[in-house]
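Subject: Structure handover

Hello,

Here is the structure we talked about.

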Amino acid sequence: MAHRVNELLGSATREAGGERGVAVVGAGASGTLTATRLLELADACDLPISVWLIDPGMETGSGVAYATDQRCHLLNVTAGKMGASPEDLGGFVRWLSERQGREVGSDEFVPRSAYGSYLADVLSSVAASTGRLLRLHERVTAVRSDGTGAVELTFAWGTNLRVDAVVLALGTFPPAQDWAPAALRASARYMGNPWAPGAVAAVPDSGDVLLVGTGLTMIDMALSLDRPGRVVHAISRRGLVPRVHSQTRAPVVPAPELRADGGLVELRRDVLHYLRGCVRAVGDWRSGVDALRPLSTALWQNLSLTDRTRFLREDQRMWDVHRHRMPPATAAALSAMRRAGRLEIRRGEVIDAVDTGTGLGVELSNRERMFVGAVMNCTGSSYELRKTDDPLVRQLFADGLVGPGPVDLGLDTDEDGKLIPRAGRSSGPLWTLGALRHGHLWETTAIPEIRVQARDVAESVLSAIFQQCGSMCS
């Protein structure tokens, strides 16, 4: 493996000649969109550049979000809103229609796996016609700035690559494990990351299952694990489940004029007043929540750090279940499971677990006990990156090249997505986007936000490298 990597690096360096190099680490949605934008912008500005897209996975565009091959796992946004470019929102619908031989409706909820294939096709088309893409299936374990403006990447096999800029498109991280008792974490019947390869297949075919967390991940896992004779139990502290998208397109309502200057309590009151007004005006709170979405980053940033922490503790879950909704078809499938007694959702926390050899005896905070064949962690992605065991992130923190974002979520960045190092360290040519900007932007994990960030990061990176490519080239 090391020999093949060295050969590829040497060949690419010889062919690149005087070109500048940008490495995009991560080939999921955010990395694929960023690489696409870099190639498009470099072509528009006639800039000599090589783009390295680096990820150990063999797929491009899928990442964790779109790697599932189960058709019951649907996008929770309609196809008409999922175009790869903010200038062409209908691109995904056209792509789907061509491949399915029918006119796909913009209001359809389609399988998530299709979206990863779409992003890969978009990048492939742009790379073939406008620029030079180098796809490397390797894991980056370290990124170091040498003080001369260049960056050196170290791969798991020990090989190095020197480039002019790096974009960390690492996507989401596995859920936190600190809620789980030690005995549970030690059991082979505990799946700490439901999206890890083989996690679903490792659940025994017989016996009930306990899913901890009641968000969108729980919904996907419940559908995957449903079968006759099994009860899927799902618990969370509040027992709240994502609301359902409307069967019809929600009416568009004007965005409110909101500020957060008065603090969280006042903002909470104003938001509730606005949503009640939307229900009176158009009969649907969904319109109001959607209208709030473009304002959410500014409102989040205007809150004090104390109020942001309080929001996470008191309001986040209620916002999430209304903001991140499930498709009607998914809701119908869950309802059928509940009516048949194959899905039970309740409030509670796991306080103890014992592996008996044939299953797990689990005790909940309400003193209820249950016996299940497996427990799966569906608490959602972790954004407290100082707790991660990812070697690249740990190295970046240890070397002071990154710092935690506000309220310890994600990484610290400036307005362009450039990473801010620890105090006393000089800034390197390092950028990020997507989930790693959660502390700064709040709304930053969905495609409508990521595709705009990809465009802006590409422009910022090339402007920094060439000192000439600005908004007129986009």
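In β3, Arg132 is the bridge partner of Ser50. Strand β2 (residues 49–54) pairs with β3 in the parallel sense over 5 bridges; two strands pair if DSSP finds at least two bridges between them. Helices (H or I, at least four residues) and strands (E, at least two) are DSSP runs, numbered from the N terminus.

This is a predicted model, where local features need pLDDT of at least 70, side-chain atom pairs count only at pLDDT 80 or more, and totals for chains, interfaces and linings use all residues. Residues are numbered from 1 along each chain as its sequence is written, and side-chain values use heavy atoms, with hydrogens and water left out.

The sheet: 5 strands form an open, parallel sheet in the order β3-β2-β1-β7-β16. β3 (132–136) and β16 (430–432) stand at the edges with a single partner strand each, so one side of each has no neighbour in the sheet. From one strand to the next, the twist averages 20°.

Ser187: this residue sits in the loop between α5 (182–185) and β8 (190–191). Is Ser187 buried or exposed? Ser187 is buried, with a relative accessible area of 7% (buried means under 20%, exposed over 50%, partly exposed in between, with a 1.4 Å probe and protein chains only). Not counting residues up to four places away in sequence, Ser187 touches Asp355 and Leu360 (contact means heavy atoms within 4.5 Å).

Helix α11 (residues 316–323): its buried residues are Trp319, Asp320, Val321, His322 and Arg323. They pack against α8 (285–292), α10 (305–314) and α15 (447–466).

Regards

Notes: Axes fitted to C-alpha atoms, helices over the stretch in contact; angles between N-to-C directions.
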